Amino acid sequence: MLWPSEIKLFAKSSGTTGDKSKIIPVSKEGLQECHYQGGRDMLALYVDNHPDSQIFSGKNLSIGGNQESKASKTTSDSELYIGNISAIVMKNLPFWAQFRRTPNLEVTMMESWEEKIKMMAQVTTKENVTNMAGSPMWIILLLQHIFNEKKVNYIQDVWPNLEVFFHGSVSFLPYRPLFELMDRDKSMRYLEVYNATEGFFGLQDRMDDPSLLLMLNYNIFYEFIPVEDYDSENPRILSLAEVELHTNYTMVISTNSGLWRYKIGDTIRFTEKRPYRFIISGRTKHCINIFGEDLFVDHAEKALSVACKETGAIMENYTAAPKFYDSRNKGYHEWVIEFVKELGEDGTIFPYPG
């Protein structure tokens, strides 16, 4: 009823708002004209900016979730597939693209995370990996396992020809110092993409600019709600032509997978309008505004980055929450910050046992 072609693929949303995961339809048109088009443009723009790149001489290392099969209740000759969007994208890649990536699908689709990491370490360290893609947190866990197993200290000790990491799903700002410590030659490049469960929205096209280029030719229609109107019964809804710079908006999208005027929950802030470039400022549920402070995720991450730089600390993860007023105390924020454990004698981030 919402899209003319049959839809057999459904992606689980991350559920980061605290609610249960939603099941997002993924049409064959959405897969080809949005998610895969974003991947093609990502590679094309990277090579255009770096004509001496050798990424096609080796393989892409990517980590994804698993995909499960669900028997359809409506037809007897068809199945529905439900899983993480990264797993859906990887499983449906054409054969020539499968040949250029590692690990193979059998390892990629493993359900046990611990076993998957072990198998990925065994398989990928035998390959000539020239580029990586995925969440910084997942890649760090894989590298930690590999470093400890092989008793090495740097990325170049494992993959000497690795040149770029295409990252997404979370802000890279808190994790960049970790990767820079693992980069002996300081030769790695880092580029951000905004490929969400609901669609591929933007990518970083300039090395010296952290903002993302909004992709307008991926069969997505964009609308924007000012953050202060998000919970309003009749919010202001702006077209792309009406947005203002340096203002927080939540995106409303309509896509060729049958999503109509869908709030994705992320907040963005435009930095340019010719062309449209933006930064991801957080999520509507990841803003603390109990006392009028309007603390967005990007504020917290910039502050943590500055504090770590000033003190020489290296952060692994963090969480924050408001503490409310009581009879003796004023309201405040409580932070729990996990720092990297003691470094090795040579300053490496994952000192191997012994």
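Analyst: A quick definition before we start: two strands pair if DSSP finds at least two bridges between them. Please also keep in mind that this is a predicted model.

User: Thanks! In E10, which residue is the bridge partner of Val193?

Analyst: Let's begin with the strands. E9 and E10, the latter covering residues 199-203, are joined by four bridges and run antiparallel. A hairpin of two residues links E9 to E10. Within this pairing, Val193 has as its bridge partner in E10 Leu203.

User: And does E8 run parallel or antiparallel to E9?

Analyst: E8 spans residues 164-167, and Phe165 in the pairing stands opposite Tyr190 of E9. From E8 the chain passes through helix H7 (residues 176-182) to reach E9, a right-handed β-α-β crossover. With four bridges between them, E8 and E9 run parallel.

User: How many residues of strand E9 are buried?

Analyst: Buried means under 20% relative accessible area. Strand E9 takes in residues 189-196, eight residues in total, and is mostly covered. The number buried is six.

User: Over to helix H5: how wide an arc do its buried residues cover around the axis?

Analyst: The buried residues in H5 are Lys116, Ile117, Met120, Ala121 and Thr124. In an α-helix, residues three or four places apart point the same way, because there are 3.6 residues a turn.

User: How far apart are the end C-alpha atoms of H5?

Analyst: H5 has 12 residues, 113-124. At 1.5 Å a residue they should span 16 Å, so the helix agrees with its end C-alpha separation, 16 Å.

Notes: Residues numbered from 1 in each chain as written. Predicted model: local features only at pLDDT ≥ 70, side-chain atom pairs only at ≥ 80, totals over all residues. Heavy atoms only, no water. Buried < 20%, exposed > 50% of the residue type's maximum accessible area, 1.4 Å probe, protein only. Right-handed = clockwise from strand over helix to strand, strands pointing away. Expected span 1.5 Å × (residues − 1).
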